[in-house]
Amino acid sequence: MNKKYGTHTQVVHAGKNPDSEHGSVAPPIYQTSTFKFDSAEQGRKRFSGEESGYIYSRLGNPTTDALEGALADLEHGVGALVTSTGMSAVTTMYFSLLDAGDHMVGSDCMYGPARVVMEKEFSRKNIASDFLDTSNLDAVRKAIKPNTKLIYIETPANPTLKITDIAACAKIAHEHGALLAVDSTFLSPVLQNPIDLGADIVIHSMTKFINGHTDVIAGAIICKDENVHLRIRSVLRSLGGTMDPNQAWLVLRGLRTLALRMEKSQNNAMKLAEFLENHPAIEAVHYPGLKSHPQYELGQRQSKGPGAVMAFELNGGYEAGESLMNNISVALLAVSLGGYESLIQHPASMTHASIPKAERVEAGITDGLIRLSVGCEDVEDLIQDFDRALG
Ligand SMILES: *Cc1c(COP(=O)(O)O)cnc(C)c1O
């Protein structure tokens, strides 16, 4: 895709349509598990790689390829791999890049299961990890060991909206022969392109903004380097976390309106964040679009926008959090984010309830913290509803 085109044009046209037969504008769903060969010789050549073409859908399918092509275009990678879930993207990356005896450095307040699976499961395979505040570059430098192979950051991070400097972390990683992977789910390719800032790998939970319709679970891995891409592709095909063609079709359909949805949600989020910041029931709003965000400048520099997810702290703590959850009516009380509808949740009693309180508060997830993913509603309705529910 021509990088000169505007973001909306790129999102609408990224990738290639796989229908060479009839020219259908919407991509066909190749709902097949396997592909017939014309002859024994063709089968042999497909397997040996002498001839390109499809073999079996876990190894590749035209509909999943169409989605991969679009994502590689939008994230400026050599290729993209689509996965059954966002977590399968994360674990396939871990498995591909880390061997027994290796070490990784991660963001402390990243998506919970991405940390838990490393500390509980990969640790049993003798892979070590340290999770720390990666927005503090000195802490990142100090955590690097001779066996560190991967730095994995999430920025903006879940749920505190802390921002990590992607270019600086890429530099640190590369000075030590490690790779930098970035979970860019909160901003999507429309607002942040980590590969352009030096990252080696981009991870997305496409369950969130990319699909955007709260009806599919899906993930993606986009690589800068061909060898890394081929290594992860080979592991993905063997471990089997690949995507189904019907799922790929739905995500591609959602992707085409990503820029439009992101623009509306982000505009709504900005207005709502300003309203909440001035509301007496609210102690603080964490949103990269507000000048009060501690890394406002960094966010402006490395991203094209602050996105549509924010967190805010209520003066009344845990009880005020529960009360708001029970009184809000336009935003739906549900975990997840990035859909066309606003979703609100209370991490202390929901997504992060299993973390011991001291650790939770240490990572910035206080009792009165609320996470809000702003959707495409009329912003006046959202503001009025919050004003009423906070009262
Ligand atoms: C949801 C999420 C994931 C995990 O994705 P699933 O599709 O739920 O498996 C990973 N990272 C971030 C930032 C997320 O929000």
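Colleague: How far apart are the centres of domain 1 and domain 2?
Modeller: They sit 27 Å apart, taken over C-alpha atoms. Keep in mind that this is a predicted model: local features need pLDDT of at least 70, side-chain atom pairs count only at pLDDT 80 or more, and totals for chains, interfaces and linings use all residues. Residues are numbered from 1 along each chain as its sequence is written, and side-chain values use heavy atoms, with hydrogens and water left out.

Colleague: How do you know where domain 1 and domain 2 lie in the chain?
Modeller: The bounds come from an automatic or database domain assignment. That assignment gives 7-255 for domain 1 and 259-390 for domain 2. Each domain puts 36 residues into the contact, where contact means heavy atoms within 4.5 Å.

Colleague: What is the area buried between domain 1 and domain 2?
Modeller: About 2,800 Å², with carbon and sulfur atoms giving 60% of it. Buried area here is the accessible area (1.4 Å probe) that two parts lose on being put together, summed over both. On the domain 1 side, I163, L191 and F209 lose the most, together 25% of what that side buries.

Colleague: Why is the meeting of R301 and D165 called a salt bridge?
Modeller: The rule wants a side-chain nitrogen of Lys or Arg within 4 Å of a carboxyl oxygen of Asp or Glu. R301 and D165 meet at 3.7 Å, N to O, so the pair passes. Across the interface of the two domains, the rule finds one salt bridge.

Colleague: What makes A114, V117 and M118 of helix α5 a set, and on which side of α5 are they?
Modeller: These are the buried residues of α5, which runs over 112-120. Buried means under 20% relative accessible area (1.4 Å probe, protein chains only), while exposed means over 50% and partly exposed is in between. They cover an arc of only 100° around the axis, so they are on the same side of α5; the arc is that of the directions from the helix axis to the C-beta atoms. Their cover includes α4, β2 and β3. By the way, helices (H or I, at least four residues) and strands (E, at least two) are DSSP runs, numbered from the N terminus.
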